[in-house]
Amino acid sequence: MTSVLKSRYLFNVELSKISDKIKFFIENFMKDKEDKLRQQIKFKLDFQKKEMILDIIFKVGYPHSILFNLRNEIIKNFGREYKLSVEKIDIDYYEIEFELEKEPLKEISIPFVDDIAISGKQCKIKFNKIMDQNFVKKGFINRIIKRIKEKIEQQYYAGKGEYSEILWKSEKKDMVWDLDPSKEMLKKSWIRQAKTKGKWFFGPQLAKIIRGLKNIVFDEILIPMGFKEVIEPHHESFSTLLKTGHLEGVPMEVYYVSEPKTRNPEEWELFIDKLKISKEVPYDELLKMISPPNAINCYVQCPNIYEFFSGRTIADAEFPILVFESSAVSNRYESGGRHGIERMDEFHRIEIVYIGTKEQLLDVKEELIKRYSHIFNDILDLEWRMAWVTPFYMQQSGFLGLDDETQRIKGTIDFESYLPYRGSREESEWLEFQNLSIVGDKYVKAFNIKAQKLDLWSGCSGVGLERWAVSFLAQKGLDPENWPEKFRKIVGELPKPYTFY
Ligand SMILES: [Zn+2]
């Protein structure tokens, strides 16, 4: 394997007088690097007026890693004496050969690269000209190589979804019916399809059921465990999502937010004219008047919560920090997967977030599971189960060892309910109606949240209110006569549906 880099350093002065000195210096610099990198480095050096032309050949690793280091060393040694500075470094050609962990299953493409050739586990990429120094300085090349490896890895787990292992299962319960609650509620006019995609309007009956579920979460979890309410903005900025990774993870699932370019009514005149005359939305004008998106509608609530604490050092005594958010409404572009109120583009969730030491979070997790179990077993009387889920890629890359008890602390537990209308317990897909995660230090690091002395971890648990409702209604039906006594009391009498003719 060899990597070849052809570069040109442009100096501010003619180099003829000092080229010998620089050459001698570079020879020593390379010897030093050879020792450090434990490999022979071949290089070719030439001088033309203000330019130093340097070719570097590595057997292992990436020659660009020494480009700026060399520049700094030259300036350090000759800068003052010869009033020397480097104006820019151009790369005329760069060819990198590196080893892959796996052979790709099909062709891959990657931007910024002029040519990519893979044979077996050997990959060679070529750049014909790199004029922008920042390309190298900001780490593009290293991330291109990382991305190539990641894309090949993805080919192996594509379609495999996640690994799931059932941790606990409730006893079998008698099901009141096996109908789809969304369809039945639609027939009874409890809900109506909204004008926007994948969204529903909840009439007074379902709204009251959801209110009852919300009250349970408050009374059984949030108040007794001392969670404090916060209210966050409904939009999540791109800058926040760059920290959490959501923008690279789910760009196809979010609703983007655009601002008007101006709020000067005069500039909107043509748009308004066309609208008033045609009675249709003039999209051509509209697109001219809005800015590219710079935020999304809430996808999950925790990023903005982390943003509140970001860059702060928090007193040790404050931990564990326990907060919840139930004001922002979540939006997801579900496209083909939409189904009734259990899979919709807009839904309501109470997100519970905890930040503290590992030990504190373990206690929180245990207490939450105890309280959730009480709700599902004793109040809602559900048939449900808990599953330990690991995204396939994490399992493969060894992030989470399922056999390792200490590793199990991190990760996500899905709570799943049986929906009789989908088929038998064994063959149908159960509904993930909420989850509980501990993410380790991933987000506290990304948002630079610190304690005075403690090492912080964080985690969250999302209570999907519609999914709670579907789980309950699919098992217990729409008639409160068939509901468990405790829940019937919490909800109270359901309002009579409106009479429509
Ligand atoms: Zn979260």
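**Close-up views of a predicted model**

View 1. Ser 3 has Phe 58 as its bridge partner in E3. The model shown here and in every view below is predicted. Strand E1 covers residues 3-11 and strand E3 covers residues 51-58; 8 bridges join the two. They run antiparallel. Met 52, Leu 54, Ile 56 and Phe 58 make up the covered face. Glu 51, Ile 53, Asp 55 and Ile 57 make up the uncovered one.

View 2. E2 and E3 are joined by 7 bridges and run antiparallel. Lys 42 lies opposite Ile 57 in E3. The hairpin has 2 residues between its strands. Lys 49 takes a positive phi there, near 50 degrees.

**View 3. Strand E6 and its two partners.** Strand E6 spans residues 122-127, and its side chains alternate. Cys 123, Ile 125 and Phe 127 point to one face and are buried. Strand E4 (residues 86-99) is joined to E6 by 6 bridges, in the antiparallel sense. Within that pair, Tyr 94 stands opposite Phe 127. Strand E5 (residues 115-119) is joined to E6 by 5 bridges, again antiparallel. Here Ser 119 has Gln 122 as its bridge partner in E6. E5 and E6 form a hairpin with 2 residues between them. Gly 120, in the turn, has a positive phi of about 60 degrees.

**View 4. Helices H1 and H2.** H1 covers residues 19-37 and H2 covers residues 67-82. Their axes come within 11 Å and cross at roughly 130 degrees. That angle makes H1 oblique to H2. The crossing is right-handed. From H1, the contact involves Ile 22, Phe 25 and Phe 29. From H2, it involves Leu 70, Glu 73, Ile 74, Asn 77 and Phe 78.

**View 5. Helices H6 and H12.** H6 (residues 204-225) packs against H12 (residues 358-379) at an angle of about 155 degrees. The axes are 11 Å apart. The two helices are therefore roughly antiparallel to each other. H6 and H12 cross in the right-handed sense. H6 contributes Ile 216, Glu 220, Ile 221 and Met 225 to the contact. H12 contributes Glu 367, Leu 368, Arg 371, His 374, Ile 375 and Ile 379.

**View 6. The three-stranded sheet.** This open sheet has the strand order E11-E13-E12, with antiparallel pairing. Strand E11 (235-237) and strand E12 (256-257) are at the edges, each with a single partner strand, so one side of each is left without a neighbour in the sheet. E11 and strand E13 (residues 295-297) pair over 3 bridges in the antiparallel sense. Ser 237 stands opposite Ala 295 in E13.

**View 7. Trp 483 and its surroundings.** Trp 483 sits in the loop between helix H15 (465-476) and helix H16 (485-491). It counts as buried because 21 C-beta neighbours lie inside 10 Å. Leaving aside residues up to four places away in sequence, Trp 483 touches Lys 476 and Arg 488. Cys 298 is 185 residues from Trp 483 in sequence. In space, the two are 33 Å apart, C-alpha to C-alpha.

**View 8. Domain layout of the chain.** Domain 1 spans 3-157. Domain 2 is made of 180-256, 297-386 and 415-476. Domain 3 spans 259-292. Taken over C-alpha atoms, the centres of domain 1 and domain 3 are separated by 50 Å.

How values were computed: Residues numbered from 1 in each chain as written. Predicted model: local features only at pLDDT ≥ 70, side-chain atom pairs only at ≥ 80, totals over all residues. Domains from an automatic or database assignment. Pairing = 2+ DSSP bridges. Helix = DSSP H or I, 4+ residues; strand = E, 2+ residues; numbered from the N terminus. Buried ≥ 20, exposed ≤ 12 C-beta atoms within 10 Å, placed from the backbone. Contact = placed C-beta atoms within 7 Å. Axes fitted to C-alpha atoms, helices over the stretch in contact; angles between N-to-C directions. Parallel < 35°, antiparallel > 145°, perpendicular 65-115°, else oblique. Left-handed = near helix turned anticlockwise from the far one by under 90°.
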